[in-house]
Amino acid sequence: MAPGIQLRSTLSRSVLPDAAEEQLIYVLLEMSAHGVPTSTPKLPLNLCLVIDRSSSMRGERLQQVKEGANRIVDMLGEEDCLSLVTFNDRAEVVITSQRVRNKVDLKRMIGGVEAAGGTEMATGMALALQEVQRALVSRGVSRILLLTDGRTYGDEGRCVEIVRRAQGRGVGLTALGIGNEWNEDLLETMSARENSRTQYITSASEISQIFTDEVKRMHSVFAQDMNLRAEMRPASRLRSLDRVRPFIAAVQATEEKDLIWAANLGDWPGGDPQAFLLEVVVPPLAIGDHPLLRVTLRYSLPGMNLLNQEGNVVLRIGVRQAASVNYAVDVTVKHWLERLVAYRLQAGAWQDMAAGRIEDASRRLQMAGTRLFDAGDVDLAHTVQDEATRLLRSGQTSAEGRKRIKYGTRGLMGGETQEREA
Amino acid sequence: MIRCNHCNAQQMNGTIFCSECGASLIVEGPRRETTNALNRTVDGIPSVVEDGPPMVVPAPVPVAKVSGICLVVINSGRRINLESGEELLVGRKDNQRGIYPDVDLGLDGGYDAGVSRRHAIIVPNRKGYMLEDLGSSNGTFINGTRLAPQSPTLIAHGDELKFGTLILRFEIA
């Protein structure tokens, strides 16, 4: 078999009852690599570290950041580029984008960073984009790694605007928040695009590990420019498309032309499983077997010099007389849907809360807790329940609980794995 | 269209979880207890989780005397006390097919969780209790490890058993 990415699809139900109205079907789309050597040459990494050095970073946090940055220097090679930008009330370039040759010099510059002042992120992000673009190459992985422990005031819009420009040029963002003060809405918005993610660091001692894990992940990218296309059958439609593995996130799908939806999935780091959940509205169909949709994945395997590859899968459903159709749904599809629903419920709860609908918010959180219990995530379910109760009592939630829920429901808490045998 | 039991929203046929309130629309038979019920207000005063029935049963205390066994459904706290000394079928009751398991997980949302009608058996022997998967569709797990079908495996007090996605704890009383 030629090397490439294989698509596997599982339907919530493969046989539908015949009905005179529209029906909803859920599709789990999993991807796996075949015949791609696990030791393909690493792609050059073009990395910019953006570090918050406001006074609250003083002490262990900054110490851990420096240690993490030093470890990154050790992991990078001559073909990689590194830059370091720090920000407090102002931003400065500590290391201009350069090949990682003189590791001693680089570490000395990292060692000189001191914590003081406030938090103004946008200027830091602007300098980061400038540095990362110096080394922008057609072949390789470009990323900005941002770490903050505070809120930036008044320049949130600019932060998002700058990061969108970066993402538009193929530069992804990993946004790490530490402590309880930072603005998770901002980091989430900034990283809601391909090749970007955000993570919640609960303790300073995790920083160094998360830094090195992230660099490993970037070094393990073997597929790039992954684009998904879904061709629907007439009168059917794609109601939603979400990533469920390695973490939950809505994927922006645009209708290119009638019945054809396209989405950019970005790069694929080797260690991350890739799975997506689609909600498809099926029109009334005659009894028989029907093609439902064709999913096409376009991608490049730059390490093997295989560009513009394509794989596809056609999903078919059977329609039978209602009396003979069993209503059982696939448990794996249901499991991921359950997690996705929990994520959506908590997201709705924060919106309700912002609009002052405290009871609705609490109700949604409670239901999110139920879904998480059923999905087997008991610890997180308890956290959600506690916040739902706190909300009803006091009209407020705790900053820490909110962050744990937002990141936990997506599977983005440090140190936790969402692996599960299906 | 179907109607959500929980919030009355109209939902498309085939919907698994209500898009408005997130409630499950495919629960068969008796409704499973949701955590919502644990937080229900009494006389208008919101009760807290801690005051409600415990959601997770306290850790088992091992005892030497062997007289019976118990399966605890983790997410509802239901304790299923069983006579020891005979083979016990774990599954879901099906009147039509004449399947009446000793442990009917249909009462605990077993259908939803992927429990087969004839899922597994618990067999006592001189060493203790063996759990055997009967070729169930969604598997039987001991402390997270999946059993091969038809291969009896020893289970111990406090082990976590999973049938499909439903988690139970095995206790020797």
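Modeller: This is a predicted model. Take α9(A) and α10(A): their crossing is left-handed.

Biologist: Which residues of α9(A) and α10(A) meet?

Modeller: On the α9(A) side they are Leu380(A), Thr383(A), Val384(A), Asp386(A) and Glu387(A). On the α10(A) side they are Gly401(A), Arg402(A), Arg404(A), Ile405(A), Gly408(A) and Thr409(A). By class, that contact has 3 nonpolar, 4 polar and 4 charged residues.

Biologist: At what angle do α9 and α10 of chain A pack?

Modeller: About 140°, with the axes 10 Å apart. The two helices are therefore oblique to each other.

Biologist: And what about α8(A) with α9(A), what angle there?

Modeller: α8(A) and α9(A) pack at about 165°, and their axes are 8 Å apart. That makes α8(A) roughly antiparallel to α9(A). The crossing of α8(A) and α9(A) is left-handed.

Biologist: Which residues meet between α8(A) and α9(A)?

Modeller: From α8(A), they include Ile358(A), Leu365(A), Leu372(A) and Phe373(A). From α9(A), they include Val378(A), Leu380(A), Val384(A) and Leu391(A). The contact of α8(A) with α9(A) divides into 13 nonpolar, 4 polar and 1 charged.

Biologist: Now α7(A). Is α7(A) mostly covered or mostly open?

Modeller: Mostly covered. In α7(A), 18 of 24 residues are buried.

Biologist: How does the span of α7(A) agree with what its residues should give?

Modeller: Its 24 residues, at 1.5 Å a residue, should span 34 Å. The end C-alpha atoms of α7(A) are 35 Å apart, so the two agree.

Biologist: What comes just after α7(A)?

Modeller: Gly356(A) is there, with a positive phi of about 85°.

Biologist: What is chain B built from?

Modeller: Chain B has 2 helices and 13 strands. Of its 173 residues, 34% count as buried.

Biologist: Pick one residue there. Where is Ile172(B), and is Ile172(B) buried or exposed?

Modeller: Ile172(B) sits in strand β13, residues 166-172 of chain B. Ile172(B) is buried, because 20 other C-beta atoms lie within 10 Å. The C-alpha atoms of Ile172(B) and Cys21(B) are separated by 40 Å. Those two residues are 151 residues apart along the chain.

Biologist: Which way does phi go at Asp225(A), positive or negative?

Modeller: Positive, near 50°. Asp225(A) is in strand β10 of chain A. Asp225(A) counts as partly exposed, because it has 18 C-beta neighbours inside 10 Å.

Biologist: And Asn8(B), what is its phi?

Modeller: Near 70°, again a positive value in a residue other than glycine. Asn8(B) lies in the loop between β1 and β2 of chain B. With 10 C-beta neighbours inside 10 Å, Asn8(B) counts as exposed.

Note on methods. Residues are numbered from 1 along each chain as its sequence is written. Chains are lettered from A and ligands numbered from 1 in the order in which they are written. This is a predicted model: local features need pLDDT of at least 70, side-chain atom pairs count only at pLDDT 80 or more; totals for chains, interfaces and linings use all residues. Axes are lines fitted to C-alpha atoms, for helices over the stretch in contact, and angles run from 0 to 180 degrees between N-to-C directions. Helices (H or I, at least four residues) and strands (E, at least two) are DSSP runs, numbered from the N terminus. Angles under 35 degrees count as roughly parallel, over 145 as roughly antiparallel, 65 to 115 as roughly perpendicular and the rest as oblique. A crossing is left-handed if the near helix is turned anticlockwise from the far one by less than a right angle, and right-handed if clockwise. Two residues are in contact if their C-beta atoms, placed from the backbone, lie within 7 Å. Ala, Val, Leu, Ile, Met, Phe, Trp, Tyr, Cys and Pro count as nonpolar, Asp, Glu, Lys and Arg as charged, and the others, Gly among them, as polar. The expected span of a helix is 1.5 Å times one less than its number of residues. A residue is buried if 20 or more other C-beta atoms lie within 10 Å of its own, exposed if 12 or fewer, and partly exposed in between; C-beta atoms are placed from the backbone.
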